[in-house]
Amino acid sequence: MATVTRRIGLSLGADICWPLCYEQIMKQLDLAIDWQGDRVGVEVERVSIEPYDLRQPCRYDVVLDRLTHWYHTSREWIKKAILMDGLYVLNNPWSVQSMEKQTTYCAMMQLGMPIPETWMLPPKSYEPLPDLQPTLRSYARLFDLGAVGKKLGYPIFMKPYDGGGWKGVSRVDNEAQLRQRYDESGKLVMHLQKAVHPFDSFVRCIGLGPQTHLVRYEAGAALHDRYTMDRDFVSPDEAALLRDTTLTINAFFGWDFNSCEALRQGEVWHPIDFANPCPDSQVTSLHYHFPWLVKANIRWSVFCAVTKRPMRRTLDWEPFYAIARRDVPYRERLRAYAAIAEERFEAARFDEFCARHLPHLDEVAWEFFGTQAAKDAVRAKVTALFPAHEVEAFTELFWKRVQAWRADNAAGAAATAATTRESQ
Ligand SMILES: Nc1ncnc2c1ncn2[C@@H]1O[C@H](COP(=O)(O)OP(=O)(O)O)[C@@H](O)[C@H]1O
Ligand SMILES: [Mg+2]
């Protein structure tokens with residue numbers, strides 16, 4: 001049996017806490033997986049930024065990328081490595097680069113998702129490019145903003161068509177506000193979207209490969225309280241619908257790691273923001289849910305590295321469109337889209353892989369999240385984000401919530417430990 005090594009690269013920006021936890025848990029796991037006649041070890045390294053020859057080989061089997069959306073040197077290196085070296089990356093960089101919020105709305109409207117009614121507006125002002133005046137003079141129609149507002153009905157959300165991080169998002173309640181916000185929007189290209197109002201629940205569904213995790217979200221709370229620790233806030237049917245929605249979106253766009261925001265009004269869940277292919281991964285936002293994310297990341301990246309999962313370089317939307325044309329109720333179509341997603345994410349094979357090769361992960365992670373090293377990782381992130389006089393209090397707050405996760409998951413960790421021991 002040959003001993004081989006797979007390498008996972010972490011392509012990082014300002015991430016502090018999750019890489020520290022990921023690296024230390026991986027070290028403790030010290031994997032030696034029997035895979036197709038080889039004994040496979042997995043090493044983790046941070047990817048450095050430096051000049052490179054386009055024809056040079058790539059050291060990594062998998063890269064967890066957190067930079068593509070804004071740091072172009074790394075994005076282009078990743079694209080080169082996918083094209084030339086068979087690298088597997090979370091997420092597909094071409095898709096991250098080109099799929100704006102508007103594209104995701106259009107595609108999912110076409111698949112039948114109840115996206116709120118949305119209009120695109122030409123911007124209020126422009127860069128003075130040489131062709132601008134002739135173009136606008138000939139083709140830009142004067143329009144009545146108030147009429148668009150009336151058509152949609154208030155309240156409305158005005159937000160950039162390619163937005164993220166709540167930048168430029170505002171709620172408008174009447175025509176005067178609409179005109180004022182539009183005047184202030186400058187060169188941003190804006191959507192007007194009918195508000196889901198009132199809504200009775202707001203959920204974020206984080207997807208990582210075939211794994212999903214639901215969190216009730218409190219948008220009006222302070223950053224550290226937005227991800228709530230609520231449980232049982234949706235019925236099993238609703239949980240299945242939100243999972244199928246997220247898997248469909250993620251498989252459609254080639255995003256292994258993405259989060260989908262949906263608001264419930266009456267019986268209907270309206271997805272409103274699901275172009276988030278570099279989701280918040282910080283303990284300072286996720287707190288209680290942070291260990292889930294680190295473990296999900298380990299499972300999926302190890303699976304991809306060890307099995308040498310091939311990267312889907314092109315997206316292939318036709319099977320989804322074929323289902324969209326079927327004359328069957330939406331829920332049935334959604335199930336059929338999600339079945340494609342489960343196949344593309346190899347859900348069954350992944351579950352089997354985890355049960356067989358990562359049975360000790362639950363216990364190792366559970367132990368780790370009780371150690372000083374884990375607490376240091378929390379403190380490091382808090383120190384980077386909070387003023388000095390708040391570091392202690394917030395470190396304790398997030399730590400307490402991570403410990404609450406441990407208390408709630410102690411039985412699971414002990415059970416897997418027992419099974420692991422029995423099978424040894
Ligand atoms: N159609 C809508 N109905 C109700 N609330 C909305 C709607 N669109 C946006 N919001 C609110 O505004 C926030 C930011 O909008 P979102 O589309 O998520 O933008 P971003 O991509 O910047 O996160 C959402 O989290 C939600 O609280
Ligand atoms: Mg959002």
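Two strands count as paired here if DSSP finds at least two bridges between them, and the strands themselves, like the helices, are DSSP runs numbered from the N terminus (E, at least two residues, for strands; H or I, at least four residues, for helices). With that in hand, let us walk through this predicted model, in which local features need pLDDT of at least 70, side-chain atom pairs count only at pLDDT 80 or more, and totals for chains, interfaces and linings use all residues. Residues are numbered from 1 along each chain as its sequence is written, while chains are lettered from A and ligands numbered from 1 in the order in which they are written.

Confidence comes next. The protein chain averages a pLDDT (the predictor's confidence in each residue, from 0 to 100) of 96, and 98% of the residues score at least 70. Over residues 420-424, however, pLDDT stays under 50. Where pLDDT is low, the predicted coordinates should not be read in detail.

Four strands, in the order β6-β9-β7-β8, form an open sheet with antiparallel pairing. β6 (118-120) and β8 (170-172) stand at its edges with a single partner strand each, so one side of each has no neighbour in the sheet. From one strand to the next, the twist averages 25 degrees; axes are lines fitted to C-alpha atoms, for helices over the stretch in contact, and angles run from 0 to 180 degrees between N-to-C directions. β7 and β8 are joined by 3 bridges, and F157 stands opposite R171 in β8. Helix α6 (residues 145-152) packs on this sheet and touches β6, β7 and β9 (190-194), its direction making about 35 degrees with that of β9. Contact here means C-beta atoms, placed from the backbone, within 7 Å. Helix α7 (residues 175-184) also packs on the sheet, touching β7 and β8, at about 145 degrees to the direction of β8.

β1 (residues 2-11) and β3 (residues 38-46) pair in the parallel sense over 9 bridges, with D38 in β3 as the bridge partner of A2.

Terms used: Contact = placed C-beta atoms within 7 Å.
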